[in-house]
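Dear colleague,

Please find below the structure that I am handing over to you. The notes that follow set out what was found in it.

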Amino acid sequence: MADVIEKVEVLVSSPSRNYVTLRLTTRDGIVGLGDATVNGRELSVAAYLRDHVGPLLIGRDPGRIEDTWQYLYRGVYWRRGPIGMAAIGAVDLALWDILGKRTGQPLYALFGGRVRDRLATYRHAFGWDLPALLDQVDAHLDAGFTNIRVQSGVPGLEVVYGVSRETVYEPAGRAAAPAEEIFDAEAYLRHMPGVIAGVREHVGEGVGLLHDAHHRLTPIQAARLGKALEPVGMFWLEDVTPAEDQDALRLVRQHTTTPLAIGEVFNTIWDCQYLIQNRLIDYIRAAVVHAGGISHIRKIFALAEVHGVQAAPHGPSDVSPISLAASIHLGVATHNFAIQEYMGYPERVHQAFPHAWHVAEGHLQPGDEPGLGVELNDELHSADDYEAAYLPIARRRDGTLTDW
Ligand code: CS2
Ligand code: MG
């Protein structure tokens with residue numbers, strides 16, 4: 001007799017930063033975990049799972065993974081969107097986890113086995129000025145990492161997204177309302193190419209340099225940045241323009257050979273179909289949790305493979321160690337998977353989600369535990385620790401919102 005889902009738990013917690021975690025338990029006692037975190041909108045996904053999805057899962061066969069995905073996606077009528085897709089993604093992750101545990105296999109084995117021995121990753125380096133940035137770059141190089149995302153402060157701006165004057169940084173700030181900051185594209189464009197050229201001069205050739213513009217430029221500004229960075233030889237330039245304006249990237253492409261990456265805000269294959277089929281990007285950045293889970297993101301990666309686009313999923317601290325585990329399992333088993341972002345986590349997050357995946361010689365490894373290879377340390381998942389946190393809002397000098 002097929003096993004059935006007996007218990008659905010939605011955990012909202014904050015082991016130093018907020019997460020939403022789904023835990024499914026089957027009648028046979030197998031536990032599957034899913035990440036359902038949407039940074040700054042956590043409680044909406046929790047409610048979606050608790051009120052609308054959880055009750056539908058009770059009594060279902062956990063082995064019917066694709067059928068459950070289609071049931072939750074097509075059955076709802078209101079398709080797509082970050083909240084619904086993260087909820088479906090969490091269920092999908094938990095069901096794959098259960099399948100792995102039932103069969104005693106790590107997920108990468110169920111995806112067809114390894115196509116690579118180790119998974120490339122990139123780390124974040126930031127600094128308000130070049131010397132501070134180079135300190136972080138050097139620390140990553142010393143630890144064996146060879147691909148680094150570089151972000152820096154900009155003269156004339158008080159704050160810059162992705163950069164902190166301290167040594168630690170979290171994208172979302174704990175407060176009842178989002179912080180507001182001023183962004184000035186001209187000041188940014190005047191300053192940034194010189195900073196990145198300075199990093200290249202410091203590290204020499206052979207180190208992959210990445211930069212994230214966080215959707216804040218117009219197409220022609222983005223083209224100018226891409227062109228200015230050509231002598232540096234970037235690994236990629238990320239999110240140069242707002243991701244929903246897909247033809248913007250055609251314009252950027254016409255002017256520069258700097259590789260383009262986009263897609264952390266996408267949640268379905270239909271959000272990136274045009275970009276991929278028209279080869280307007282080099283890397284698709286959708287995250288497993290936000291793009292409907294393993295079952296759906298595999299379809300995105302397969303479409304990308306046909307069109308010579310590579311997978312390079314989002315991996316900041318707001319993508320929990322559960323979702324990152326899924327990405328790493330996919331990474332070692334997917335041929336066109338280029339690189340996995342690994343921002344790193346506060347120590348308490350590692351303790352809250354003990355995990356088999358690990359860093360070895362500057363690369364990521366999934367470990368060989370069955371399923372995702374992640375557990376929950378229940379003591380560190382208390383709803384009392386949750387506190388609203390929001391991503392900042394950027395305005396131009398005239399007070400209008402930037403386009404991200
Ligand atoms: C960034 C993130 O990691 C990235 O590429 O763009 O910091 C992103 O802004 C946050 O994850 C948003 O929650
Ligand atoms: Mg990004």
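Strand E5, which spans residues 147–152, is mostly covered, with 6 of its 6 residues buried. Please bear in mind that this is a predicted model. In a regular strand, side chains alternate between the two faces of the sheet. In E5, Asn 147, Arg 149 and Gln 151 point one way, while Ile 148, Val 150 and Ser 152 point the other way, and all are buried. E5 runs parallel to strand E4 (residues 119–127), and 5 bridges join the two. Within this pairing, Ser 152 of E5 has Gly 127 opposite it.

Next, the helix packing. Two packed helices are described by the angle between their axes and the distance between the axes.

Helix H5 (residues 130–142) packs against helix H6 (residues 185–203) at an angle of about 45°, and their axes are 11 Å apart. H5 is therefore oblique to H6. The crossing in which H5 passes H6 is right-handed. On the H5 side, the contact is made by Leu 130, Leu 133, Leu 134, Val 137, Asp 138 and Leu 141; on the H6 side, by Val 195, Gly 198, Val 199, His 202 and Val 203. Of the residues in this contact of H5 with H6, 8 are nonpolar, 2 polar and 1 charged.

A second pair is formed by helix H3 (residues 82–103) and helix H10 (residues 293–306), whose axes cross at roughly 100° and come within 6 Å. With that angle, H3 is roughly perpendicular to H10. H3 contributes Gly 89, Asp 92, Leu 93 and Trp 96 to the contact, and H10 contributes Gly 293, Ile 294, Ser 295 and Arg 298. The residues of the contact between H3 and H10 comprise 3 nonpolar, 3 polar and 2 charged.

Most residues other than glycine have a negative phi. Ser 16, however, has a positive phi, near 90°. Ser 16 is found in the loop between strand E1 (5–13) and strand E2 (19–26). Its relative accessibility is 37%, so Ser 16 counts as partly exposed.

Asp 239 likewise has a positive phi, in this case near 45°. The loop that holds Asp 239 lies between strand E9 (236–238) and helix H8 (248–255). Is Asp 239 buried or exposed? Asp 239 counts as buried, because its relative accessibility is 0%.

Yours sincerely

Definitions and conventions. Residues are numbered from 1 along each chain as its sequence is written. Chains are lettered from A and ligands numbered from 1 in the order in which they are written. This is a predicted model: local features need pLDDT of at least 70, side-chain atom pairs count only at pLDDT 80 or more; totals for chains, interfaces and linings use all residues. Side-chain values use heavy atoms; hydrogens and water are left out. Axes are lines fitted to C-alpha atoms, for helices over the stretch in contact, and angles run from 0 to 180 degrees between N-to-C directions. Helices (H or I, at least four residues) and strands (E, at least two) are DSSP runs, numbered from the N terminus. Angles under 35 degrees count as roughly parallel, over 145 as roughly antiparallel, 65 to 115 as roughly perpendicular and the rest as oblique. A crossing is left-handed if the near helix is turned anticlockwise from the far one by less than a right angle, and right-handed if clockwise. Contact means heavy atoms within 4.5 Å. Ala, Val, Leu, Ile, Met, Phe, Trp, Tyr, Cys and Pro count as nonpolar, Asp, Glu, Lys and Arg as charged, and the others, Gly among them, as polar. Buried means under 20% relative accessible area, exposed over 50%, partly exposed in between (1.4 Å probe, protein chains only). Two strands pair if DSSP finds at least two bridges between them.
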